[in-house]
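Visitor: I'd like to learn how to read charged side chains in a model like this one. Could you walk me through it?

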Amino acid sequence: MGAYKYMEELWRHKQSDALRFLLRVRAWEYRQRPNICSLHRPSRTDKAHRLGFKAKQGYVIVRAGVRRGGRKRQNHRGMVFGKPKNQGINQLKFERNLQSVAEEKVGRQYSNLRVLNSYWVNQDATMKYYEVILVDPAHKVIRNDPRINWIVNGVHKHRECRGLTSAGRKGRGLRKKGHRANGIIGGSARASWLRRNTMRLKRYR
């Protein structure tokens with residue numbers, strides 16, 4: 001087995017003594033640092049490389065912390081002037097996952113870079129920490145690399161805000177293949193449902 005395979009096995013056993021200690025120490029370190037900060041190298045080299053990271057110019061790794069928990073509805077004094085169905089304040093959950101929120105936070109701060117992907121690195125009682133892989137679309141090395149220069153195209157600006165990264169697609173229910181994906185043919189479950197439930201008649205019939 002190569003070194004990355006051993007690293008993968010190590011990270012797979014997060015309850016092991018070694019990893020529990022490491023994560024506890026790192027969580028303390030992350031709390032002392034700014035919530036969003038760039039790093040010299042990824043904490044999980046094997047995971048970063050599986051998600052498209054290359055150790056060369058034009059690639060940036062940024063760690064982002066996101067506060068855990070649901071999303072309380074922003075209503076003055078918790079009053080919803082509407083039907084009882086909509087009167088919930090506290091036990092509501094945000095539509096997207098926290099990983100997607102972390103990507104968006106990073107994408108806003110590093111607005112000249114493109115978000116490629118992200119992965120979990122740590123969590124404690126109040127925060128979840130993700131490392132986000134960013135690519136510089138203006139860098140010559142990126143523009144000349146046929147494997148990654150698709151991201152230079154203008155349609156990939158702020159992919160993370162439009163649910164086009166892996167975490168964003170998961171929140172949209174699109175991380176499926178084969179017969180399980182029959183319900184999302186056409187881009188989304190809603191598009192698929194609409195197409196199946198719309199009557200189309202020819203004008204002259």
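Visitor: Which side chain does Glu-103 join in a polar contact of 2.6 Å?

Guide: A polar contact is a pair of N or O atoms within 3.5 Å; within protein, one must be able to donate a hydrogen and the other to accept it, and residues adjacent in sequence count only if both atoms are side-chain atoms. Here the Glu-103 side chain meets that of Thr-165 at 2.6 Å, and a 2.5 Å polar contact joins it to the side chain of Ser-118. Keep in mind that this is a predicted model, where local features need pLDDT of at least 70, side-chain atom pairs count only at pLDDT 80 or more, and totals for chains, interfaces and linings use all residues. Residues are numbered from 1 along each chain as its sequence is written, and side-chain values use heavy atoms, with hydrogens and water left out.

Visitor: Is Glu-103 buried or exposed, and what is the nearest side chain of opposite charge?

Guide: Buried means under 20% relative accessible area, exposed over 50%, partly exposed in between (1.4 Å probe, protein chains only). A salt bridge needs a side-chain nitrogen of Lys or Arg within 4 Å of a carboxyl oxygen of Asp or Glu. Glu-103 is buried and has no salt bridge; Arg-96, the nearest side chain of opposite charge, sits 7.1 Å away.

Visitor: How many salt bridges are there by this rule?

Guide: The count is 9. One of them pairs Asp-124 with Arg-31, N and O being 2.8 Å apart at the closest. Asp-124 is buried at 14% relative accessible area, while Arg-31 is partly exposed at 45%.

Technical notes:
Lys, Arg positive; Asp, Glu negative; His and termini not counted.
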